[in-house]
Amino acid sequence: MTTFTDQDAVEPTPTPDTHAGADLPLADEGSDKLRVKVKLTSIVAVLNEDGFRLATLSLSAADVAVMLRAPTMRVSARLGNLTFVDDFSADEPQEMLSIQGDELADFQYETYDPTDRATYPGYDTLVHLRSGSLRFTFVEEPVHRLLLFFSKFAKMKAVYDSAAAAAASRATEMQKSIPKMHYDILVRTPIVVFPHDQVGSKDVIEANLGEISLSNAFDVDDERVQTKIQAGLRAIRLSTTLHHKGEPYSLQILDDVTIGVEMTLTQMVDPAKAFDAPATQVRRFFPFRVGRRSSHVPCRSWRPCRTSR
């Protein structure tokens, strides 16, 4: 190997089969592989608008690995211990988002070569995500400020749309098959907290969303590609906690709610061919129970409990 630090490096001499100035052949087929691993111990990102500090994002650990092997690619990342703090709306920083644990998120993105039948799984792209427990406190003013901050980036959308439209038009002309992306996403126990007011209130409505899942599968034949999508919220709970004379009182509003959607999308390999069935079919299910009392709160603490018997 020749690097810029080699003081006595000698330029490769052209062989009789290669004239001067021509590209030299690669040594072997393994030279088209590239692997990169990055380990980060601390990341701090500050959102600043016109000199005002809006929020701070802190991430205590991150591992990223990239594997390139033409024409495929694999990107994997693991993140841990994330906090997002509001620095603007209060005298002291207020935590808006926290995700605790050694493994906040496990992400994988991979592309496959359709011509390699030994490794091709039946789809072109894979997206895999597993996320740990997160807790988000919704306060109107900082959320509004952050939305305004990020909306400034939307000004580039016109440029992006025109570029995307041109790329999509070119891809449609060259496309001989329908691209297939497989995804499997699961976010565990996300919790959203709605405080009664923005400053110092302990009275909250808490929504425990259980698990958020999204996945798909493919059914392929010579004429069509069917994508079967499953999305759901499982084990949702909604409760309130109010304080009276310093004592907390809780009431369960919703318990064990499951919302599920199953969708089937059909695409024809030949766009000119007519569908013999609806291109999109949706089925939903929504079983739940309402108003079960929390077992650790005595019923006498709540008037609604007494009247609901």
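**Reading strands and a charged patch**

Q: Which residue in β5 does phenylalanine 84 stand opposite?

A: Phenylalanine 84 stands opposite leucine 97 in β5. The model is a predicted one, in which local features need pLDDT of at least 70 and side-chain atom pairs count only at pLDDT 80 or more, while totals for chains, interfaces and linings use all residues. Residues are numbered from 1 along each chain as its sequence is written, and side-chain values use heavy atoms, with hydrogens and water left out.

Q: How many bridges pair β4 with β5, and in what sense?

A: Strands are DSSP runs of E with at least two residues, numbered from the N terminus, and two of them pair if DSSP finds at least two bridges between them. Here β4 and β5, the latter covering residues 94-99, pair in the antiparallel sense over 5 bridges. Strand β4 also pairs with β6 (residues 105-111), again antiparallel, over 6 bridges, and arginine 78 has aspartate 106 of β6 as its bridge partner.

Q: How many bridges join β3 to β4, and how many residues lie between them in the hairpin?

A: Strand β3 is joined to β4 (residues 72-86) by 14 bridges, with the two running antiparallel, and they form a hairpin with 2 residues between them. Two positions let you follow this pairing in the structure: methionine 67 stands opposite arginine 74 in β4, and threonine 56 stands opposite valine 85 in β4.

Q: Which residues form the positive surface patch, and which strand gives the most to it?

A: A patch is made of residues with over 30% relative accessible area and no salt bridge, like charges being joined within 9 Å. In this model, Lys33, Arg35, Lys37 and Arg69 form the positive patch, and strand β1 (residues 33-40) gives the most, with 3 residues.

Q: Is lysine 37 buried or exposed?

A: Exposed means over 50% relative accessible area, buried under 20%, and partly exposed in between, with a 1.4 Å probe and protein chains only. Lysine 37 has a relative accessible area of 67%, so lysine 37 is exposed. Lysine 37 is found in β1, and its bridge partner in β3 is alanine 65.

How values were computed: Patches are made of residues with over 30% relative accessible area and no salt bridge: like charges are joined within 9 Å, nonpolar side chains (Val, Leu, Ile, Met, Phe, Trp, Tyr) within 5 Å. Accessible areas come from the Shrake-Rupley method with a 1.4 Å probe; for residues, only the protein chains shown count as cover. A salt bridge is a side-chain nitrogen of Lys or Arg within 4 Å of a carboxyl oxygen of Asp or Glu. Lys and Arg count as positive and Asp and Glu as negative; His and the chain ends are not counted. The place of a charge is taken as NZ of Lys, CZ of Arg, CG of Asp or CD of Glu. Helices (H or I, at least four residues) and strands (E, at least two) are DSSP runs, numbered from the N terminus.
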